[in-house]
Amino acid sequence: PLAAPAMVASADLASITSLAALRGALEAFEGCALKHTASNMIFADGNPTARLMVVGDVPGRDEDRVGLPLVGPEGQLFDRMLASIGLSRADCYIVPLIPWRPPGNRTPTAEEMDLLLPWLRRHVQLAAPEMLMLLGGVPAKALLPEGGGILKLRGRWHDIDYGDGAPRPTLATLHPAYLLRSPPQKRLAFADLLALAGKLG
């Protein structure tokens, strides 16, 4: 029974054929209570035709206030991370794991994730990036088949099928918010960025 709403959403989502239509459908979607407690929907930022899609974490207070993913201090660090390998936001397409901030920054429930992940997968299908980078343990756990924490999952490429039969190279790395709390781990994130730069050529 818990999976039924997601199955219905997936069937409906198959008829959406553009990012603009996906955004409109998400704005009109009334099936998730998070929409009614959040200030803004966070859809995406950056270049929708970029080769690289970056999937951020569950939206926090700053994202909810501004309506964009990866803003505030962690967004500034993310911009510096990109710059360290010669990239900017114009070179990637940034999306949140889910489009609305849970109240009080709580962890999304399993039911909320089941309901909203099909929207993210359709987002990947429509943007059709060559590769993806997942920021942090929550997106990694949600989208990678292997178990374990982010320190185990980071730094390795995984070929992930996001529902369209076209496996895409996907790299998990440490979230900028974690790096702000644990600066010594920046060396691990930089190693991941170098791997990403190598894949991008």
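1. Arginine 168 belongs to strand S6, which covers residues 168-173. In this predicted model, arginine 168 has a relative accessible area of 8% and therefore counts as buried, the cut-off being under 20%. Leaving aside residues up to four places away in sequence, arginine 168 is in contact with Val124, Gln125, Ala128, Pro129, Glu130, Leu132, His158, Asp159, Ile160 and Tyr162.

2. Helix H5 (72-83) can be checked for its length, since its 12 residues, at 1.5 Å a residue, should span 16 Å, and the end C-alpha atoms lie 17 Å apart, which agrees.

3. Which residues of H5 are buried? They are Glu74, Gly75, Leu77, Phe78, Met81 and Leu82. When the helix is viewed down its axis, the buried residues of H5 fall within an arc of 160 degrees, so they line one face of the helix. As background, an α-helix has 3.6 residues a turn, so residues three or four places apart point the same way. Pro73 and Gln76, on the other side of H5, are exposed.

4. The largest pocket has a volume of about 580 Å³, and 32 residues line it, with Asp57, Val58, Gly60, Glu74 and Ala177 lying nearest its centre. Two or more lining residues come from each of helix H4 (61-66), helix H5 (72-83), helix H7 (137-143) and helix H9 (176-181), and H9 provides the largest share, with 4 residues. Glu74, one of the residues nearest the centre of this pocket, is also among the buried residues of H5. By type, the lining of the largest pocket divides into 16 nonpolar, 8 polar and 8 charged residues.

5. The second largest pocket holds about 150 Å³ of space, and its lining is made up of Thr107, Pro108, Thr109, Ala110, Met113, Asp114, Leu117, Val138 and Ala142. The elements that give two or more residues to this lining are helix H6 (110-127) and H7, and H6 gives the most, with 4 residues. The residues lining the second largest pocket divide into 6 nonpolar, 2 polar and 1 charged.

Conventions:
Residues numbered from 1 in each chain as written. Predicted model: local features only at pLDDT ≥ 70, side-chain atom pairs only at ≥ 80, totals over all residues. Heavy atoms only, no water. 1 Å grid on protein atoms, 1.4 Å probe; cavity = no way out; pocket = protein on both sides within 12 Å on 5 of 7 lines; lining within 4 Å. Points joined across faces, edges and corners; volume = space filled by probe spheres on them. Nonpolar A, V, L, I, M, F, W, Y, C, P; charged D, E, K, R; others polar. Buried < 20%, exposed > 50% of the residue type's maximum accessible area, 1.4 Å probe, protein only. Contact = heavy atoms within 4.5 Å. Expected span 1.5 Å × (residues − 1). Arc of directions from axis to C-beta.
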